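User: I have a model open and want to go through how it packs. Can you take me through it?

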Amino acid sequence: MSLSLHDASVPVFLRYLAQLRDLVSKAERFATERGVRPSDLLAAKLAPDMLSFERQVAIAANFTLRAAFPLAGEAVPTEGTFPETFEGLHARIDRAALLLGALEPSQFVTAGTRVTESRAGEALVRLSAPEFLFQYALPNFFFHFTAAYAVLRHQGVPLGKQDFDGFHRYTVQPSPR
């Protein structure tokens, strides 16, 4: 069985966008239940020079489009303008999922022959499509997803591995170590 670049990207991104959406929902509920100002949770960071929770989520959602559209031979859609609120994050994630879901597997048939360029900070990354997906795009998506998860954990939002991947189940939450 060979794995297409579509199968290695779009379904993975769609699954984890749903997980990311759930993280945002849990953060929103936490803020409401604990009387935390939403703006404080959205602006939370692990370190002063780090991007905020809100930016980590936005970048993760946008990265799915920056990854999949070039693989499909399409221009990357604009990021769009969304408010820096929980509602704005939900809308951004939903838009990314909708756009990804519209990509057809047939658009990826010749993806393996493409060379993809992307900005990595101030660097220009130019890689074959498989290298782009596996060595650059997927790691970057999961970096920002993980940073968003870690910021919420640091702020006391009760999350576990099951909230990250959606596969794990625990009858009793493992105690923090």
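Analyst: What follows covers the helices, their contacts and a few single residues.

User: What am I looking at, and how are things counted?

Analyst: This is a predicted model, in which local features need pLDDT of at least 70 and side-chain atom pairs count only at pLDDT 80 or more, while totals for chains, interfaces and linings use all residues. Residues are numbered from 1 along each chain as its sequence is written, and side-chain values use heavy atoms, leaving out hydrogens and water.

User: Start with helix 1. How many residues does it have?

Analyst: Helix 1 covers residues 10-34, which is 25 residues. Helices here are DSSP runs of H or I with at least four residues, strands are E runs of at least two, and both are numbered from the N terminus. From first to last C-alpha, helix 1 reaches 36 Å, close to the 36 Å expected at 1.5 Å a residue. The expected span is 1.5 Å times one less than the number of residues.

User: And what comes after helix 1?

Analyst: G35 follows helix 1, with a positive phi near 70°.

User: Which residues of helix 1 are buried?

Analyst: V10, F13, Y16, L17, Q19, L20, L23, V24, S25, A27, F30 and A31. Buried means under 20% relative accessible area, exposed means over 50%, and partly exposed is in between, with a 1.4 Å probe and protein chains only.

User: Why does that list skip along in threes and fours?

Analyst: In general, an α-helix has 3.6 residues a turn, so residues three or four places apart point the same way.

User: What do the buried residues of helix 1 pack against?

Analyst: They pack against helix 2 (38-43), helix 3 (53-71), helix 4 (86-101), helix 5 (129-154) and helix 6 (161-165). Contact means heavy atoms within 4.5 Å.

User: How do helix 1 and helix 5 pack?

Analyst: Their axes are 10 Å apart and the angle is about 15°. Axes are lines fitted to C-alpha atoms, for helices over the stretch in contact, and angles run from 0 to 180 degrees between N-to-C directions. Helix 1 and helix 5 are therefore roughly parallel. Angles under 35 degrees count as roughly parallel, over 145 as roughly antiparallel, 65 to 115 as roughly perpendicular and the rest as oblique. The crossing of helix 1 and helix 5 is left-handed, meaning that the near helix is turned anticlockwise from the far one by less than a right angle; clockwise would be right-handed.

User: Which residues make that contact?

Analyst: Helix 1 supplies V12, F13, Y16, Q19, L20, L23 and A27, and helix 5 supplies L133, L138, F141, F142, F145, Y149 and L152. By type, the contact of helix 1 with helix 5 has 13 nonpolar residues, one polar and no charged. Ala, Val, Leu, Ile, Met, Phe, Trp, Tyr, Cys and Pro count as nonpolar, Asp, Glu, Lys and Arg as charged, and the others, Gly among them, as polar.

User: Is helix 3 parallel or antiparallel to helix 5?

Analyst: Roughly antiparallel, because the angle between helix 3 and helix 5 is about 165°. Their axes are 8 Å apart, and the crossing is left-handed. The contact of helix 3 with helix 5 divides into 18 nonpolar, four polar and one charged residue.

User: How many residues of helix 3 are buried?

Analyst: 17 of the 19, so helix 3 is largely enclosed by the rest of the structure. Helix 3 reaches 28 Å between its end C-alpha atoms, close to the 27 Å expected. Just after helix 3, G73 has a positive phi of about 80°.

User: What about helix 3 and helix 4?

Analyst: Their axes come within 10 Å and cross at roughly 10°, so helix 3 and helix 4 are roughly parallel. Among the residues that meet are F53, E54 and V57 in helix 3 and F86, L89 and R92 in helix 4. That contact of helix 3 with helix 4 has 13 nonpolar, two polar and three charged residues.

User: Which residues of helix 4 are buried?

Analyst: F86, G88, L89, H90, R92, I93, A96 and L100. The buried residues of helix 4 pack against helix 1, helix 2 and helix 3.

User: Switching topic, where is G80?

Analyst: G80 is in the loop between helix 3 and helix 4. G80 counts as partly exposed, at 35% relative accessibility. Leaving aside residues up to four places away in sequence, G80 touches R92 and R95.

User: Last one: is T116 buried or exposed?

Analyst: T116 counts as buried, at 3% relative accessibility. T116 lies in strand 1, residues 115-120. Beyond residues up to four places away in sequence, T116 touches P70, V125, R126, L127, A129 and F132.
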